[in-house]
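Dear colleague,

I am handing over the structure that we talked about, together with some notes on what was found in it. Please open it and keep it beside you while you read.

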Amino acid sequence: MRRVVKVALWGCAYVLGLVALVVAGAWTWWQPEPKARGTLVNGLWARHQWVGEPHTEQEYRDLARLLRENHITDVFFHAGPFEADGTVPSAKYRNAGELIKAMRRYAPGVRAQAYLGQIRKVDGHGVTDLDDPAVRARVLDTDRIFLDLGFDGIHYDFEPIYPDDSAFLDLLERTRELTRGRGRVLSVALEQPTLVDAAQPVYKTFIPRHGTVHYPSRPTAEYLRAVADRADQVAIMTYDVSLPTKSLAGWHFARHTRRTLELIGDRTTVFMGVPTYRPLMDWAEDLSVALRGVRRGLDELERPPARPYGVGVYAEWTTDAREWGLYRASWLPETSGNLSG
């Protein structure tokens, strides 16, 4: 018994030592100030009330001023979610037409995209069954409604999307035919890439895709490239890190920025998602850490990507004036100036 206890104690000490080394290494790595600055191509997820409720002219002007000041090029206005059959009731977007007119008046050049999604049905769990061709056809019909209203693009956020989801790729192909035919854009929100692609068969075999403990819906390198080849923009939902220190959370943002841009930065526009809401471990993960981490990831690139890239701020309804000031100071290029006039 004493021998077992001794081995167990040594095992615990070994694990704690490894954890301490990782934390210390991350802290040391985190200290240098990033050299890379941000870009003038950035996205913002916006609340549903913009399409669902009326607003005053002053509210529209204030929104446009915020977009100009912060160099937001793409706004994903929440317009759904989809019903199970792939439709969206018209009552949910009754103010969309007025919103688009106001965007044309006060924020010309900023793309207003219809942010549409739902919990994707997987193994009998979820809402919208994209495996059903009839559902995908109705999703496309719904997209046409929003494009007819004047939206500059369709922004999909179906979750979960696993790296063997061929139905989703088919939907992307058909949606891009639709958007390109109208001179609009298709953008997609995805989880951050896997840490180890080789582990996916193990996850798929031994871990269910639903429940409290489930197989994470992360795209492999191959699947991420397949999505990028079918979309004009890919937004990576890098937030919800759940790591206990700022340096570890910052490493997460840096790693995924570097890897994502290396994988698809030459294929499509990329937005790295950064949070302004209060995540689970908000003492470690906040906007400042996320922006610094993204910039550290840019520092680690051997060369800039061929296509535009920036950050996607999640979300408009959780970002206060202090955070917008931090965003401008920490992210925008020093020569960007103020476009609030």
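**Salt bridges**

Arginine 65 forms a salt bridge with aspartate 62, and the closest N and O atoms of the two are 2.9 Å apart; the term salt bridge is used here for a side-chain nitrogen of Lys or Arg within 4 Å of a carboxyl oxygen of Asp or Glu. Before going further, please note that this is a predicted model, in which local features need pLDDT of at least 70 and side-chain atom pairs count only at pLDDT 80 or more, while totals for chains, interfaces and linings use all residues. Residues are numbered from 1 along each chain as its sequence is written, and side-chain values use heavy atoms, with hydrogens and water left out.

Arginine 65 and aspartate 62 both belong to helix α3 (residues 57–69), where they are 3 residues apart, about one turn of the helix. Helices (H or I, at least four residues) and strands (E, at least two) are DSSP runs, numbered from the N terminus. Arginine 65 is partly exposed, with a relative accessible area of 32%, and aspartate 62 is also partly exposed, at 35%; here buried means under 20% relative accessible area, exposed means over 50%, and partly exposed is what falls in between, with a 1.4 Å probe and protein chains only.

The structure holds 24 salt bridges in total. One of them joins arginine 174 and aspartate 170, with 4.0 Å from N to O. These two residues are separated by about one helical turn because they are 4 residues apart in helix α6 (residues 166–181). Arginine 174 is partly exposed at 33% relative accessibility, and aspartate 170 is partly exposed at 25%.

Another salt bridge brings together the side chains of aspartate 282 and arginine 278, at 2.4 Å from N to O. Is each of these two partners buried or exposed, or does it lie in between? Aspartate 282, at 25% relative accessibility, counts as partly exposed, whereas arginine 278, at 69%, counts as exposed. Elsewhere, salt bridges that share partners link Arg120, Asp131 and Asp165 into one network.

**A buried charge and a buried valine**

Arginine 255 sits in helix α9 (residues 246–264). This arginine is buried yet has no salt bridge, and the nearest side chain of opposite charge, aspartate 197, is 7.8 Å away; for charge, Lys and Arg count as positive and Asp and Glu as negative, while His and the chain ends are not counted. If its neighbours within four places in sequence are left aside, arginine 255 is in contact with Thr194 and Leu195, where contact means heavy atoms within 4.5 Å.

Valine 313 is found in strand β8 (residues 309–314) and is buried, with a relative accessible area of 2%. Not counting residues up to four places away in sequence, valine 313 touches several others, among them Gly43, Trp45, Val274 and Tyr327.

**The barrel**

How many strands make up the closed barrel? The barrel has 8 strands, running β1-β2-β3-β4-β5-β6-β7-β8 with parallel pairing, and two strands are said to pair if DSSP finds at least two bridges between them. Neighbouring strands of this sheet are turned by 25° against each other on average, direction ignored. Axes are lines fitted to C-alpha atoms, for helices over the stretch in contact, and angles run from 0 to 180 degrees between N-to-C directions. Strand β3 (residues 111–119) pairs with β4 in the parallel sense over 7 bridges, and isoleucine 119 has glutamate 159 in β4 as its bridge partner. Helix α10 (residues 287–299) lies across β7 (269–275) and β8, and runs at about 145° to β7.

**Backbone points to look at**

Most residues other than glycine have a negative phi, and most peptide bonds are trans. The peptide bond from glutamate 159 to proline 160, however, is cis, with omega near -5°, and proline 160 is placed in the loop between β4 (153–159) and α6. The bond from tyrosine 314 to alanine 315 is cis as well, with omega near 15°, and alanine 315 is in the loop between β8 and α11 (321–330).

Histidine 71, in the loop between α3 and β2 (72–78), has a positive phi near 50° and is buried, with a relative accessible area of 10%. Serine 242 also has a positive phi, of about 60°, but is partly exposed at 34%.
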